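Please read this briefing alongside the sequence and the 3D view that follow.

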Amino acid sequence: MLAFHCLLRPGELLKLHASDFHLDGKVGVVNLGLTKSGLRQGAAESVTITDPVVLNMLRAWHLYASPGDPLLPAGPLDFR
């Protein structure tokens, strides 16, 4: 749901960790770091999460996650 809502590439989704999320109020932010586009522009990128269902799911996960925990524990091969 997060990838669909934020239009994330699979590689961006697989690199996300709990420390990349800031979920305050009615809006959340995902720091993507240097993405494929960001490398060309030389700037880190972020995406805003505005969907309340996605935010609630992420908040539930984020409560129990450590900063280094990946959003998706499976690797790229398992994801594909």
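**Briefing**

At 75% relative accessibility, Leu7 counts as exposed, where exposed means over 50% relative accessible area, buried under 20% and partly exposed in between (1.4 Å probe, protein chains only). This is a predicted model, in which local features need pLDDT of at least 70 and side-chain atom pairs count only at pLDDT 80 or more, while totals for chains, interfaces and linings use all residues. Residues are numbered from 1 along each chain as its sequence is written, and side-chain values use heavy atoms, with hydrogens and water left out.

**The loop at Leu7**
- Leu7 lies in the loop between helix H1 (2-6) and helix H2 (10-14), helices being DSSP runs of H or I with at least four residues and strands runs of E with at least two, numbered from the N terminus.
- The phi of Leu7 is near 55°, a positive value in a residue other than glycine.

- Strand E1 (residues 21-24) runs antiparallel to E2, with 4 bridges joining them; two strands pair if DSSP finds at least two bridges between them.
- Leu23 has Gly28 in E2 as its bridge partner, and in the hairpin of E1 and E2, with 2 residues between the strands, Gly25 takes a positive phi near 65°.
- Strand E2 (residues 27-33) has a covered face made of Gly28, Val30 and Leu32, whereas Val27, Val29, Asn31 and Gly33 form the uncovered one.
- E2 is also joined to strand E3 (residues 45-49) by 5 bridges, again antiparallel, and Asn31 stands opposite Ser46 in E3.

**Helix H4**
- Val53 belongs to helix H4 (residues 52-64) and is partly exposed, with a relative accessible area of 46%.
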